[in-house]
Amino acid sequence: MKYLAAYPAALRAQVEQLMAQGRLGDWLLKRYGGVHGIRTDRALYDYVSGLKSAFLRNAEPLAKVAFDNKLHVIRNALGTHTTISRVQGSRLKAKREIRVASLFKEVPVEWLRMIVVHELAHTKEREHDKAFYQLCTHMEPDYHQLEFDLRLYLTHLESGGPALWSAAA
C-alpha cells in the first residue's frame, strides 16, 4: 500500500479490511459518479484554463496542457508542471506546461479537478508546503478528501483490482 504509506496505521488497517472483503471498489463506485467527458488535449486545456481564470487570473499563461500516456510509468507521477525558459533577443521567455497522466481520462471529474488544481497551485507555489495546500483547498475545498480517495483507487488498481470507470460506460 505504497500510496497510503503516510497515513495512520488504523486508517490503513481499515483499507486493508475493505480490500480483504473485496468492497473497496464498490465503496468508490458508490461514492463517485461516472467518468467525465474530457477526452482530448484541447478539452483539457479549456477545462484547466477555466479553473485558472477563476482562481489564478494573474498567473502566467499556460502554453500547453495535455494528457500524457507515459507520465505514470516514467516519473511515477500523476501530473507535472514545467517551465521551459529560453532567451529570445534580450529577454528571458518562460513557457509553462501542465501534463496530466492519461489515467485521468477515465475517472470521475472530481479527481481530474483535484489533479488539475494541484498542478495549477504549482504555478504559484513550487514546494508542497502550507501555502501550497492552502491554495489547493482554496480552489477545491475537498482537496484532501479527493486526494485520499484517489490514493484508495490507485491502491485498488495496484492490488490487481479492475478499472472501475471507462469512457465507454
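Student: Which residues touch the most other members in the largest nonpolar core?
Tutor: In this predicted model, the largest nonpolar core has 45 residues, and those that touch the most other members are Leu44, Phe104, Trp111, Leu112, Val116 and Leu120.

Student: And which helices and strands each supply at least two residues of this core?
Tutor: Helices H1 (9–20), H2 (24–31), H3 (41–55), H5, H6 (130–139) and H7 (143–158) each do so, as do strands E1 (62–68) and E3.

Student: Which one gives the most to this core?
Tutor: That is H5, which gives 8 residues.

Student: How many residues of H5 are buried, then?
Tutor: H5 is mostly covered, with 12 of its 16 residues buried, and among them are Trp111, Leu112, Val116 and Leu120, along with His118, Glu119 and His122.

Student: What span does H5 reach from its first C-alpha to its last?
Tutor: H5 reaches 23 Å over its 16 residues, which is close to the 22 Å expected at 1.5 Å a residue.

Student: Back to leucine 44: what is it in contact with, leaving aside neighbours within four places in sequence?
Tutor: Leucine 44 is in contact with Leu112 and Val116, and also with Ile38, Val65, Ala66, Phe67 and Val100.

Student: Why does serine 102 count as buried?
Tutor: Serine 102 counts as buried because its relative accessibility is 18%, and buried means under 20%.

Notes: Residues numbered from 1 in each chain as written. Predicted model: local features only at pLDDT ≥ 70, side-chain atom pairs only at ≥ 80, totals over all residues. Heavy atoms only, no water. Buried < 20%, exposed > 50% of the residue type's maximum accessible area, 1.4 Å probe, protein only. Helix = DSSP H or I, 4+ residues; strand = E, 2+ residues; numbered from the N terminus. Expected span 1.5 Å × (residues − 1). Core = buried A, V, L, I, M, F, W, Y, C linked by side-chain atoms within 4.5 Å. Contact = heavy atoms within 4.5 Å.
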